[in-house]
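This report describes selected features of a predicted model.

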Amino acid sequence: MTKAPVDLSPEQATALDLLRSGENVFLTGGAGSGKSFLIRHYMKEVDTKELPILASTGAAAVLLGGRTFHSFFGLGIMEGGPDATYERASKDNKLMARLRKVEGVIIDEISMIPGQALMIAEALTQKARESKLPWGGMRIIAVGDFAQLPPVTQTGQRDWCFLNQVWTASGFQTVMLSHNQRVSDDLFLDVLHDIRHGLSTPRVRDFLNEHLQQHDPDHPGTRLFPRKLDAEKFNQMKLGEIPDDEIVIDSIYFGSEKHIELLMKTAPVPVKLVLKLGCRVMFLQNDPQKRWVNGTRGVVTDITDDKITVKKDNGREVQADKSQFSLQDAEGNIMASVIQFPLALAYATTIHKSQGATLDDLWCDISRLWEPGHAYVALSRLRSAEGLHLIGWNPRSIIVDPKVLEFYKKLEK
């Protein structure tokens with residue numbers, strides 16, 4: 001057996017062995033437990049043509065360099081409901097050929113895939129492969145945490161895919177990563193554990209009350225807002241306070257018109273990146289050379305046509321080149337690309353967009369959240385409780401879907 005790389009924990013090494021086993025695997029665990037890190041390791045060993053990675057949303061697909069689940073399985077926006085979607089897709093010869101050809105798929109952020117979408121995808125795979133086996137014998141690796149962001153549905157009913165019979169039929173071998181690689185403070189870990197389980201325990205209340213403070217707009221920490229508009233407004237306000245001239249860097253797009261339009265909506269980078277010398281920025285991707293990770297923040301010290309120099313918080317100056325973010329079609333062909341620096345203003349972002357990022361300092365108001373997992377996603381971005389500045393909180397914002405709790409209880413047994 002291949003030895004696990006040195007930088008994996010014993011728990012991750014065991015998980016890697018299971019991923020190599022050829023079984024259907026559900027890789028789960030709380031925020032910061034290293035799921036993405038592990039999958040990146042595993043992907044280096046496999047042929048992505050044989051085992052493509054699929055993302056739940058367009059934005060995630062662009063960051064992963066993958067495709068979306070819906071486009072890969074030809075589901076579109078599932079117009080007309082499950083039957084009509086199946087009928088349409090099953091007549092697509094290209095889709096049928098694609099489903100016959102691959103060995104399996106890796107589905108990232110599985111919590112955001114509705115059960116109906118999973119069910120139609122499995123039925124299409126069985127048809128393509130002319131087999132009644134689960135997924136027509138195709139291999140499935142599902143990655144994610146149902147205690148984080150829920151699936152988006154039109155009906156308001158949460159269509160968790162683990163409640164669908166296809167989930168049970170898939171016969172997943174579950175591997176639960178329990179060790180938080182991001183946080184080492186025991187009390188903070190206990191508090192995050194309670195919030196993940198939707199509990200407003202005395203220790204949660206004491207902890208959150210201790211971190212309550214008046215908002216200091218001049219503090220450099222990132223603000224997390226539940227809504228996009230509020231995040232954009234705060235970023236513009238902070239940029240406006242710097243007396244320097246604005247420097248506008250246009251994103252360069254190429255590809256077909258309709259795909260460029262889609263990329264403008266889903267890419268992590270804006271159509272125009274507006275910066276000033278001295279403004280605070282955040283990196284939007286993990287650097288292959290390990291100089292920064294998704295969420296690393298710092299101050300812009302120099303801007304040229306092809307390089308931006310950033311002095312990292314408590315770190316060295318690094319030079320960022322422009323990166324390419326691409327949108328792939330269902331076959332894995334690049335349909336549109338955008339070239340831009342992998343940076344955004346770091347004064348504020350949304351809770352949704354912060355998923356996957358690691359922050360040292362965070363300001364947020366969790367008194368009016370409405371999504372299950374929202375409060376947990378926000379607070380679990382932090383490396384340490386010292387970086388938490390809470391503007392407000394409410395026990396009603398600490399929400400978990402009871403069905404998710406029940407699902408994990410069964411798994412833990």
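## Aromatic cluster and ring pairs

One aromatic cluster is formed by Phe-26, Phe-146, Trp-160, Phe-162, Trp-167, Phe-172, Phe-407 and Tyr-408. The model contains 19 aromatic pairs. Among them, Phe-407 and Tyr-408 make an edge-to-face pair, with 5.3 Å centre to centre and 75° between the planes. Phe-407 and Tyr-408 are both buried.

Another of the pairs joins Phe-225 and Phe-234, whose rings are tilted, at 6.2 Å centre to centre and 50° between the planes. Phe-234 is buried, with a relative accessibility of 8%.

## Charges over rings

Tyr-408, a member of the aromatic cluster, also has Arg-196 over its face, at 4.8 Å from the ring centre. Elsewhere, the charged end of Arg-98 is placed over the ring of Phe-72, 5.3 Å from the ring centre.

## A three-stranded sheet

Three strands form an open sheet in the order E9-E16-E15, and their pairing is antiparallel. Strand E9 (252-255) and strand E15 (323-328) are the edge strands, each pairing on one side only. From one strand to the next, the twist averages 15°.

Strand E16 (residues 334-340) runs antiparallel to E15 and is joined to E15 by six bridges. Gln-328 is opposite Ile-334, which belongs to E16.

## Cysteines

Zero disulfides are found in a search of the whole structure. Cys-279 is buried because its relative accessible area is 0%, under the cut-off of 20%. Cys-364 is likewise buried, at a relative accessible area of 2%.

Note on methods: Residues numbered from 1 in each chain as written. Predicted model: local features only at pLDDT ≥ 70, side-chain atom pairs only at ≥ 80, totals over all residues. Heavy atoms only, no water. Pairing = 2+ DSSP bridges. Helix = DSSP H or I, 4+ residues; strand = E, 2+ residues; numbered from the N terminus. Axes fitted to C-alpha atoms, helices over the stretch in contact; angles between N-to-C directions. Disulfide = S-S within 2.5 Å. Buried < 20%, exposed > 50% of the residue type's maximum accessible area, 1.4 Å probe, protein only. Phe/Tyr/Trp six-rings, centres within 6.5 Å; stacked < 30°, edge-to-face > 60°. Lys NZ or Arg CZ within 6 Å of the ring centre and 35° of its normal.
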